[in-house]
Amino acid sequence: MRPRRGLAILLGPPMLWLVVVYLGALAVIFATAFWTTDPFTNLVVRTFTLENFRELLTPTYLGIIGRTLLIAVLVTVLCMVVAIPFAFFMARVAPRRLRGLLLAAVLVPLWASYLVKAYAWRTMLQPDGVIDSTFGATPGFGLAAVVLTLTYLWLPYMVLPVYAAFERLPESHLEASADLGGRPWTTFRRVVLPALLPAVAAGSVFTFSLSLGDYIAVQIVGGKLQVLGTAVLQNITLDLPFAAALGTASVVIMVLYLLAVRRTGALDNL
Amino acid sequence: MRTSKKSLRGTVGTVAAVAVLALAGCGSSTPSTPGGSAAPGGMQVPDLKALDKLGTPEGQVNVLAWPGYVEDGSNDPKVDWVSDFEKSSGCTVNIKTFGTSDEAVQLMRTGQYDTVSASGDATLRLIAAGDVEPVNTSLIPNYADIFDALKMKPWNSVNGVAYGIPHGRGANLLMYRTDMVKPAPDSWAAVFDQAGAQKGKVTAYDSPIYIADAALYLMTTKPELGIKDPYALDETQLAAAVDLLKAQKANISEYWSDYLKEVQAFKNGSTTIGTTWQVIANVAQSEKAPVEAVLPKEGATGWSDTWMVSAKSKNKTCAYTFIDHIVSPKVNAQIAEYFGEAPANKKACAETADPNHCKVFHAEDEAYFSKVRYWNTPISACLDGRTDVKCTDYATWTKAWTEIRNS
């Protein structure tokens with residue numbers, strides 16, 4: 001009997017936290033999305049309505065959802081394009097001493113404040129900023145700036161799992177492939193890529209979800225760009241139920257994405 | 001994509017079912033909104049009593065204020081009218097600033113703040129929702145010296161009961177980079193019809209209330225619309241303002257509500273022209289940005305702010321002494337000069353560092369302020385007195401603004 005009680009005491013508080021604070025908050029958001037507001041005072045009125053979800057399916061908001069998805073996908077793809085060769089170099093080519101240094105170089109930016117990094121990009125992207133004076137042009141504030149900034153911010157989350165996957169990949173597999181007549185490209189496609197896929201999927205969970213929910217970097221470098229996060233922010237003061245409905249949309253997208261990723265087996269590796 | 005959209009709808013359905021269950025679970029809760037009817041004359045207000053006498057100071061006061069209204073030296077050591085008050089009154093002042101009236105209303109609802117400097121587009125919402133209570137003006141000795149033109153106005157009193165103490169007033173101005181915008185603009189056309197001249201460099205205020213700025217511009221440029229009051233727009237008039245703002249959006253670089261971000265944008269030239277407050281122009285100039293702010297010939301929207309006391313406040317004595325301090329001649333003069341507005345206290349005019357401040361900001365010039373349209377909450381009963389049409393309320397403005405921002 002005693003070990004059971006011990007287990008209950010050990011698991012009780014975290015479970016309570018998970019159910020009440022974490023899932024409870026989500027449930028409250030869902031419930032709020034079915035309420036409406038008083039047109040004058042903007043107070044939440046607890047009468048049931050589906051109006052918020054109906055409005056979510058109008059072109060304006062489908063446009064915002066589409067734009068946010070596009071940003072998340074672009075950031076994820078860019079992170080992959082940068083992270084895979086870099087992680088390969090780190091794990092397979094670089095000498096052991098350099099490896100630690102490179103790993104530190106990837107991790108160090110994570111210690112700097114998110115805001116500092118976002119504002120640094122604002123300064124770099126502005127007219128006469130570093131990018132303008134170096135390349136003679138700047139994308140300015142907008143979609144491109146947001147994708148660039150978010151790619152920079154979330155890159156370590158992609159590099160780390162991919163690096164780990166490359167490191168785990170046994171040399172003997174590559175040799176066996178070569179012995180059996182596989183050219184480098186075939187080896188990459190048939191041996192390396194399948195081993196890498198779960199790691200890339202795991203990394204993409206971070207880059208995708210973090211991009212999907214971001215609204216601060218968007219405010220700093222996005223100019224007049226409107227995404228799901230900023231739309232929630234804009235509505236949260238005036239129309240809380242609609243903000244909740246928008247929040248629900250991003251939760252739904254994330255759940256669908258996680259289900260898709262689970263099929264690759266990536267979640268077993270997390 | 002098609003399948004994912006389908007399954008999205010399916011999931012929404014499931015979520016809906018879950019939420020209905022959740023709702024049934026807390027079905028015992030009753031609607032919490034008090035009356036909140038939109039009729040201006042017969043606005044239902046919660047029955048709250050003003051404080052009848054001051055007690056002992058509670059030790060602190062939590063203040064919600066526009067940036068620049070309550071400075072304790074943390075932004076600029078030379079700008080400080082709070083520290084001395086803290087010592088003499090025994091009330092520690094905790095300051096939180098906000099960027100829009102909507103944010104102020106939202107923060108005030110948390111019940112964590114004792115007093116707020118609310119503009120006219122927030123005051124009635126706070127009163128109707130029971131977030132603020134009437135104030136006992138006899139407990140504010142400096143109330144006697146406040147300009148009569150500011151007392152007991154539709155935005156700071158209801159049915160003859162005062163709900164706040166006037167703070168000061170001013171106009172939203174047009175700011176521009178003197179080196180990049182030539183010739184110097186004297187009309188709001190520079191950010192509307194002729195905004196193309198500064199394509200991608202225009203800024204606008206990020207709040208539904210900015211629709212009034214477009215409406216004000218249309219009052220002179222499109223008299224056939226018949227707009228009499230930029231806060232009383234019928235469907236057609238609102239649509240015209242929305243179209244103007246959608247056209248403007250093509251030339252916008254950023255919308256602002258954080259004043260420091262606007263200062264930075266003007267400093268680095270990513271924004272060259274747009275609406276502003278005097279304090280922003282002052283800060284930008286002090287940081288060596290070549291900017292100028294003018295009142296365009298069409299007039300402007302503006303504000304007349306009110307200090308209000310939270311109904312949930314536990315520090316009312318400190319809140320009252322704090323408000324009295326803020327509207328005292330010396331402090332009111334300091335704020336008026338720092339923020340760039342007309343003070344509310346008559347005697348403040350004698351205390352300003354620049355003896356001409358009250359003249360420059362037209363503190364006693366009612367003719368001037370008749371051209372300034374103070375921020376007000378649009379409601380379905382037309383504020384300009386028309387009874388043959390229904391006007392658009394703030395909820396409609398909010399939807400319209402979201403549409404503009406997302407177009």
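Is B:Cys391 buried or exposed, and what is its relative accessible area? In this predicted model, in which local features need pLDDT of at least 70, side-chain atom pairs count only at pLDDT 80 or more, and totals for chains, interfaces and linings use all residues, side-chain values use heavy atoms, with hydrogens and water left out. Residues are numbered from 1 along each chain as its sequence is written, while chains are lettered from A and ligands numbered from 1 in the order in which they are written.

B:Cys391 is buried, with a relative accessible area of 5%, where buried means under 20% relative accessible area, exposed over 50%, and partly exposed in between, for a 1.4 Å probe and protein chains only. This cysteine is joined by a disulfide to B:Cys382, with an S to S distance of 2.1 Å, a disulfide being a pair of cysteine sulfur atoms within 2.5 Å. B:Cys382 is likewise buried, at a relative accessible area of 9%, and the link of B:Cys382 and B:Cys391 is right-handed, with 105° about the S-S bond.

A search of the whole structure finds three disulfides over all chains. Among them, B:Cys91 and B:Cys318 form a disulfide with their sulfur atoms 2.0 Å apart. B:Cys91 lies in the loop between helix 2 (83-89) and strand 2 (92-97) of chain B, and B:Cys318 in helix 9 (residues 316-326) of that chain, so the pair ties together parts that are 227 residues apart in sequence; helices (H or I, at least four residues) and strands (E, at least two) are DSSP runs, numbered from the N terminus. Both B:Cys91 and B:Cys318 are buried, and their link is left-handed, with -85° about the S-S bond.

B:Cys349 and B:Cys358 are also joined by a disulfide, with an S to S distance of 1.9 Å; the torsion about this S-S bond is about -90°, so the disulfide is left-handed. B:Cys349 counts as buried at 16% relative accessibility, and B:Cys358 is buried with a relative accessible area of 7%. With bonded cysteines counted along the chain, the disulfides of chain B follow the pattern 1-2, 3-4, 5-6.

Turning to helix 7 (residues 259-268) of chain B, seven of its 10 residues are buried, and the helix is thus described as mostly covered; the buried residues include B:Tyr259, B:Val263 and B:Phe266. Just after helix 7 of chain B, B:Gly269 takes a positive phi of about 85°.
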